[in-house]
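I opened the notebook to look up the aromatic rings and their contacts. The entries follow in the order I made them.

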Amino acid sequence: MKSEFDLHSFLPFLMHHASEKLSLGFRDIYRDRYRMTRSEWRVLATLGQYGALTATEIVTHTGLHKTKVSRAVFSIEKRRWLKRFQDENDRRVHRLDLTAQGKSAFTSLCEAGVAYDRKVRNFLGEDEFKRLSDLLKRFNDL
């Protein structure tokens, strides 16, 4: 008896492979330019986008496991791209923010990200890119 299931048409499988292909293309940029891991890039980008956050807030924004965030924070801090400071309202909590060097790296990688995004838009065409983006955003409501 033949199953109706086709792995190569299964949406989670297709999305995973498309995501990996796109992620690997951008990974080459942040890895080659700054020797960063994916987790480090996500933490840097999250702090650059939102400003000072706690590690727990970074976990929420990135979807990364707390140990990956902890390792990425340690590595970025070692580069002097990140600083820690105590929260004004709760001295038990440390907030994390980018230093001037960290902001410079973030800005540089954002420029590279815009260029990479433009490459993907050109590949798909603006209408298809918007349609795909809109469809992917709908999965947040699933």
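Are Tyr30 and Trp41 buried or exposed? I found Tyr30 buried, and Trp41 likewise (buried is under 20% relative accessible area, exposed over 50%, partly exposed in between, with a 1.4 Å probe and protein chains only).

I noted that this is a predicted model, in which local features need pLDDT of at least 70 and side-chain atom pairs count only at pLDDT 80 or more, while totals for chains, interfaces and linings use all residues. Residues are numbered from 1 along each chain as its sequence is written, and side-chain values use heavy atoms, with hydrogens and water left out.

I looked up the aromatic pairs next and found 6 in the structure. Rings of Phe, Tyr and Trp (its six-membered ring) pair if their centres lie within 6.5 Å; planes under 30 degrees apart count as stacked, over 60 as edge-to-face and the rest as tilted.

Phe26 and Trp41 are edge-to-face, because their ring planes stand at 65°, with the centres 5.3 Å apart. Phe26 belongs to helix H1 (residues 11-34) and Trp41 to helix H2 (residues 38-50), so this pair ties together parts 15 residues apart in sequence. Helices are DSSP runs (H or I, at least four residues), numbered from the N terminus. I read a relative accessible area of 11% for Phe26, which is buried, and 15% for Trp41, also buried.

The rings of Tyr30 and Trp41 are stacked, because their planes are at 15°, with centres 6.0 Å apart. Tyr30 in helix H1 and Trp41 in helix H2 are 11 residues apart.

I recorded one aromatic cluster formed by Phe26, Tyr30, Trp41 and Tyr116.

Key: Helices (H or I, at least four residues) and strands (E, at least two) are DSSP runs, numbered from the N terminus.
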